[in-house]
Amino acid sequence: AGLEPAADSSSSKPKRNIAVMTSGGDAPGMNAVVYAVVRTAIFKGCKAFAVKEGYEGLVRGGPQYITEMEWQDVRGILSEGGTNIGTARCMSFRERPGRVQACKNMIDAGIDALIVCGGDGSLTGADKLRSEWPSLIKELRDNNQITEEQYIKHKQLNICGIVGSIDNDMATTDATVGAYSALARICKAVDYIDATANSHSRAFVVEVMGRNCGWLALMAGIATSADYIFIPEKPSSSKDWQDQMCEIVATHRAHGKRKTIVIVAEGAITSDLKHISSKEVKDVLVERLNLDTRVTTLGHVQRGGTPVVFDRILASLQGVEAVKAVLDCDENTPSPLIGLKEHKIVRRPLMEAVKITKSVADAIQTSDFEKAMALRDSEFIEHLNNFMAMNTADHKEPSLPLEKRRKIAIIHVGAPAGGMNSAVYAMATYCMSRGHKPYAIHNGFAGLARHESVRSIDWLSIENWMSIGGSEIGTNRSTPLDTDIGTIAHYFEKYQFDGLILVGGFEAFVSLKQLESARGMYPSFRIPMVLIPATISNNVPGTENSLGSDTCLNALVEYCDVLKQSASATRDRIFVVEVQGGNSGYIATYAALATGAQGSYVPEEGIDLSQLEADIRSLKEAFVLEKGRTKTGKLILKSTNASHVLTTQVLADIMKIEGNNEFDAKTAVPGHVQQGGLPSAIDRTRAARLAIKAVQFIEDAFPQILEHKYAVDFDVEDPSLAKTAVVLGAKSSHLRFFPIGRLYEYETELTKRMPKKIFWEETRYIADQLVGRTRISK
Ligand code: ATP
């Protein structure tokens, strides 16, 4: 979830009275928005208010519905699902008299800025309120409902939108608050269903939410390697869908698959706009394929539960940004929507986003599916193409001509990370769909050097790998030079590999560099090679996102939530939690933000004694202030390598002694639990995208290097060849291929096993700011 906040430009702006509201359907993460808005507003010297029950609260008004919020009022809500300030659908706000009343109530409460978290309806309402505001206040003044003084003071209303919706259906933002939590719930449910489907050799038709948007169904289809999906954006004709689905399902069954999963978006339709119900899908599977088939409609389960880490972080960073945005805006700035673009928090014009979103629905309703698809972001289309390639891998005629088909190997290097198996599944099925031959090198370079551990990948044997944790092909930390690089080259020659995909962390990075450097000596390494970064530490140069870091964060945060609950129940207790990550403070930083920990100590900063002293002082103050209240449990996160003198135990001991009788301190070490069990939905879908991109890279780069394969004067330094050994990284807002040579030389702190530049510094400040931690600068 390595999301990045935007830069702050709002500190010198006039103070405002900022209200936050949640509206429309509830979504996990809405509480985190409220938490972040309230605390950031207070931090910036503004007053914070919560509008209860959505627009209903604005129309009703009074302190019961428009309530001033203190810092403590949002304590502990970050991890809670739903929205504690309530949400509602409000008919009266749709009419002008309702909005006049809302305007009056806001002026009475002194509100001059409103942050709305909701779906497109809620944001349309917000923009309407703002555009009508001059006429609303004029009407109130003319009717003597407000004074001239109030009229002048409230001439400007600033509005800002954050999209809270599990459907992920808003244009111009890559993710809406709640969508990834809903996806996680769906994946968990399908994982459970998988076991029973497999046991009884059954088919399950799983219905998921999404009226005009197939994002949940598509992403769940990828993350659970479903056999077939129905989404509104890409309908089949009412005559064909049965044949198409049955052909794919029947082929999978013929190849030995014992279970069938079909995912249906609730808005699934045919190209002539007839609704496709789960029951119809079930009947077809029963009647045509004679499969024992059940329907599971997930319904509101998808909205429930605690937000996943991604949503907590997205909501927190967007809440912070929304406050900055309302402080930045003047009467001429169009209302902003806080969005996300390739991991960066951005501002977009709110009404434009709503307009494009509505036009998707209109396009679907007028059967203009091409337009509907074009209005979705490019990643959606990429995911859909990937899904279709992967799920027809075993039976369709491969798409490449014979002369373009390659032998491609995949290897895991380093510690296990969530998504490693998913990458093998996606790589292999995509290879099969193209006509390439996929191979797995088992047990890393050590396995290959010790004995011949190369196996071609068989479709049925990897059938469930998308959703399982660990590394099925085995992984270890040995690099080629740690073993016997000559033997490794020999096997590359023997199998005539045309391309290599490495999946792993820093050791994989070093391995790739070694293979590239050895190309002069061993022609069998003169093939395109791609590294997919996969490590919980997120310390691979060239990327801001490694596979496995999201799985790790979720495992850690789940663990921390339990600790916090226990600490709250016992009252007046703090847990010092030891966090993995080598020399990288990434996990500790983002886990601190996602759990509302009182602070985190990371290797990049070490533990400064005056900072520790300040932290203990503020803990004491907090515990005194909160005496006898609920949700008082607290956490401090400490990266193992933040200090080897001030160990987790020593820190807890110091805090306990200093805490005197005010509070108690204990340690907790989650250890390898942080590698996570099942990969998170984010790591699964990311693995699929990266693995397929890696295969595409090999396809493109192969001809460039082929002519050099047996050249006597092979030049390792040749820049065009350097581009054929790369790290596939997410950086500067895009997925890109970075030549390993340059990264290794210029961007790597080898002794620390870290990239030279880290990107989470600003996030550390935000995490601290949201818990009121004072930073002592050295
Ligand atoms: P979801 O995606 O969960 O449906 P939503 O925000 O789109 O969320 P809506 O029911 O469409 O949900 O809108 C929520 C509330 O926003 C409405 O009950 C109404 O009070 C207000 N609202 C919606 N559309 C408008 C509009 N065009 N003008 C004024 N207010 C509106």
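A quick term before the tour: the bend at a residue is the angle between axes fitted to the seven residues ending there and the seven starting there. Helices (H or I, at least four residues) and strands (E, at least two) are DSSP runs, numbered from the N terminus. What you have open is a predicted model, where local features need pLDDT of at least 70, side-chain atom pairs count only at pLDDT 80 or more, and totals for chains, interfaces and linings use all residues. Residues are numbered from 1 along each chain as its sequence is written.

**Stop 1: helix 22**

Select residues 681-706, which make up helix 22. Where does helix 22 bend? Go to Asp 700: the bend there is about 35 degrees, and a proline, Pro 703, follows within four residues.

**Stop 2: the annotated site**

Now select Gly 25, Arg 89, Cys 90, Gly 119, Asp 120, Gly 121 and Ser 122, which an unreviewed UniProt entry marks as "binding site". They span 98 residues in sequence, yet no two of their C-alpha atoms are more than 14.3 Å apart, so they gather at one spot. Bear in mind that such annotations may be inferred rather than shown by experiment.

Zoom in on Gly 119, in the loop between strand 4 (113-118) and helix 4 (120-142). Gly 119 is buried, with 22 other C-beta atoms within 10 Å. Leaving out residues up to four places away in sequence, Gly 119 touches Gly 24, Gly 25, Val 163 and Ser 165; contact means C-beta atoms, placed from the backbone, within 7 Å.

Step along to Asp 120, in helix 4.

**Stop 3**

Next, show the open sheet: 7 strands in the order 3-2-1-4-5-10-11, with mixed pairing. Two strands pair if DSSP finds at least two bridges between them. At the edges, strand 3 (66-69) and strand 11 (344-349) each pair on one side only.

Which way do strand 10 and strand 11 pair? Strand 10 (residues 336-341) runs antiparallel to strand 11, over 6 bridges. To see one of them, pick Leu 337 and its bridge partner in strand 11, Arg 348.

Finish on helix 11 (residues 350-365), which lies across strand 5 (158-163), strand 10 and strand 11. Helix 11 runs at about 85 degrees to strand 11, where axes are lines fitted to C-alpha atoms, for helices over the stretch in contact, and angles run from 0 to 180 degrees between N-to-C directions.

Notes
Buried ≥ 20, exposed ≤ 12 C-beta atoms within 10 Å, placed from the backbone. Contact = placed C-beta atoms within 7 Å. Expected span 1.5 Å × (residues − 1).
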